Amino acid sequence: MSVLTRRHLLRRAALSASAATASRVGAGAATTAAVAASAALDGCETDSEPNPGPEPERRLGLRFPDGFGWGAATSAYQIEGAAKDDGRGESVWDTFSHTPGRTRGGDTGDVAADHYHRYEADLDLMRELGLRTYRFSISWSRIQADGTGSPNQRGLDFYRRLVDGLLARDIAPMATLFHWDLPQSLQEGGGWESRDVAYRFADYADHVFRALGDNVASWLTINEPKTVVQNGYLHGHHAPGHRDPDAAYLVAHHLQLAHGLAVAALRATGGSGRIGPALNLHPCYPAVDGAEAEAATRLYDGYENRLYLDSIFKGSYPTDVLDDLGPRSRMVRAIRDGDLTIISAPVDLLAVQYYTPIYVTPSGGTEQKWPTSEANWQQIYPDGMYDILNRVHREYGPLPLTITENGLPTPDTLDGDTVDDPGRITFLRDHMAAAHRAIRDGVPLESYHVWSLMDNFEWAEGYDQRWGLIYVDYPTQRRILKRSAHWYRRVIADNGV
């Protein structure tokens, strides 16, 4: 790998993970021209009389297909807590968050939202919201303390109770096998730089598949492999906290291999559940006109999107990315005969996670074009959701799509028993309108999950950012439905915005 490529990768990681430094603006500025365009759509199931109403709850008159899956999402380390309960082992995020200077305020997920002990009450809140689907993740170290060997029955039993509780409330479980919390013992043996970890992941997945069986109708393999690559191995502000471009893309290959092996493991059980990857996709646009910006955008898109989409759906890595990495890169040298056949095993659905667009300059840098949320890497641009959904449908085939994460942090403050978060409502409404427009144009989108169900441990940001529909008062663990939660309940009941 050339010095120039190494510098570009580090810069790309910093920009993609944190974006260009930008002043924070109120989330209420999220409304864009996309909303007006979506509200004016005719054709695809629009209500006859849209009700303007007060902002931001005004109706757009957009009805979704019957049976559309309205849901919310969480992940294990961010909400469960119970870090040492019932045989759970240490994960890389336990180690990382307990390392001084790694997280804001030294926060950890030791307690988080205490969902492990409060899951029954949380399930009741999901039912109160009217959720039709709930996307959660399973803690690998809760199933195998060191990432290998016989499964921990107490860990499996917790997820059985969770799944049974969802089904009893008519909420469809959607389980993610890996949401970044690799067992620390595996990390000490090389982590995702070791090819063997992909095979250990397949063993773990097999235990989970056989324990939960067909009670889980939809499985997701690896959550956002790109984030592990960029934030964990390029920029270094996520676990395991490395800054090594050559290791990063070796990790990318092994994460993709683990995905394919997990797909094969599910097929081997004979189970009827569907399975697919969960990819955070960032639509990339030239920041200016011209051939240089177009070329830079194409390569940027290769690292952001095609590296993961092409390998899974086309059975090949994009040649421009491989050429940019160079023939001596650890990733290129690690690809073995048959690997891409494993990675590209047919899947049943694609989970899309959309947060922000990226605007690429001729030099390969990025620019801010839209207002940002409290997460200053997140530009608020609902049309980007429309664009990415249409693109994956157009370029990667007629596969069912689900949005498994979409949301933003807002400056939520508890006032008695209420939390007023109009900016979140505006953001969600605008993105739902973009999703509706994509459905109208033929995209087979079947469900939408807000990130997130409740406030939680937000990785390196600790508890500083609140992304949830439900406010968590951490000292007491009291849950309070925010204004956005009440609004979302009406969206679900009406099956439209």
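## A buried loop residue

Ala460 sits in the loop between strand 13 (445-451) and strand 14. Helices (H or I, at least four residues) and strands (E, at least two) are DSSP runs, numbered from the N terminus. Ala460 has a relative accessible area of 16%, so Ala460 is buried. Buried means under 20% relative accessible area, exposed over 50%, and partly exposed in between, with a 1.4 Å probe and protein chains only.

This is a predicted model: local features need pLDDT of at least 70, side-chain atom pairs count only at pLDDT 80 or more, and totals for chains, interfaces and linings use all residues. Residues are numbered from 1 along each chain as its sequence is written, and side-chain values use heavy atoms, with hydrogens and water left out.

Which residues is Ala460 in contact with, leaving aside neighbours within four places in sequence? They are Trp93, Arg102, Thr103, Arg104, His237 and His238. Contact means heavy atoms within 4.5 Å. Ala460 and His237 are 223 residues apart in sequence, but 6.6 Å apart in space, C-alpha to C-alpha.

## A hairpin

Strand 14 covers residues 470-473. Ile470 and Val472 point one way, Tyr471 and Asp473 the other way, and all are buried. In a regular strand the side chains alternate between the two faces of the sheet.

Strand 14 pairs with strand 15 (residues 478-481) in the antiparallel sense, over four bridges. Two strands pair if DSSP finds at least two bridges between them. Val472 stands opposite Arg479 in strand 15. The hairpin has four residues between the strands, and Gln477 takes a positive phi near 60°.

## Salt bridges

How many salt bridges does the structure hold? It holds 41. A salt bridge is a side-chain nitrogen of Lys or Arg within 4 Å of a carboxyl oxygen of Asp or Glu. Asp94 forms one with Arg88, the closest N and O atoms being 3.0 Å apart. Both Asp94 and Arg88 are buried.

Asp383 forms a salt bridge with Arg437, with the closest N and O atoms 2.6 Å apart. Asp383 lies in helix 16 (residues 383-396) and Arg437 in helix 17 (residues 422-440), so the pair ties together parts that are 54 residues apart in sequence. Arg437 counts as buried because its relative accessibility is 13%.

Arg483 and Asp420 also meet through their side chains in a salt bridge (2.7 Å, N to O). Arg483 is in helix 18 (residues 483-494), and Asp420 is in the loop between strand 12 (418-419) and helix 17, 63 residues apart. Arg483 has 24% relative accessibility, so Arg483 counts as partly exposed. Elsewhere, a network of salt bridges links Asp301, Arg306, Asp320, Arg391, Arg394 and Glu395.

## Two packed helices

Helix 11 (residues 245-269) and helix 12 (residues 291-313) pack at an angle of about 35°, with their axes 11 Å apart. Axes are lines fitted to C-alpha atoms, for helices over the stretch in contact, and angles run from 0 to 180 degrees between N-to-C directions.

Helix 11 brings Tyr249, Ala252, Gln256 and His259 to the contact. Helix 12 brings Tyr303, Leu307, Tyr308, Ser311 and Ile312.

An open sheet of three strands has the order 6-8-9, with mixed pairing. Its edge strands are strand 6 (284-286) and strand 9 (366-367), and each pairs on one side only. Strand 6 and strand 8 (residues 358-360) pair in the parallel sense over three bridges. Pro286 stands opposite Val360 in strand 8.

Helix 12 packs on this sheet and touches strand 6, strand 8 and strand 9. The direction of helix 12 makes about 170° with that of strand 6.
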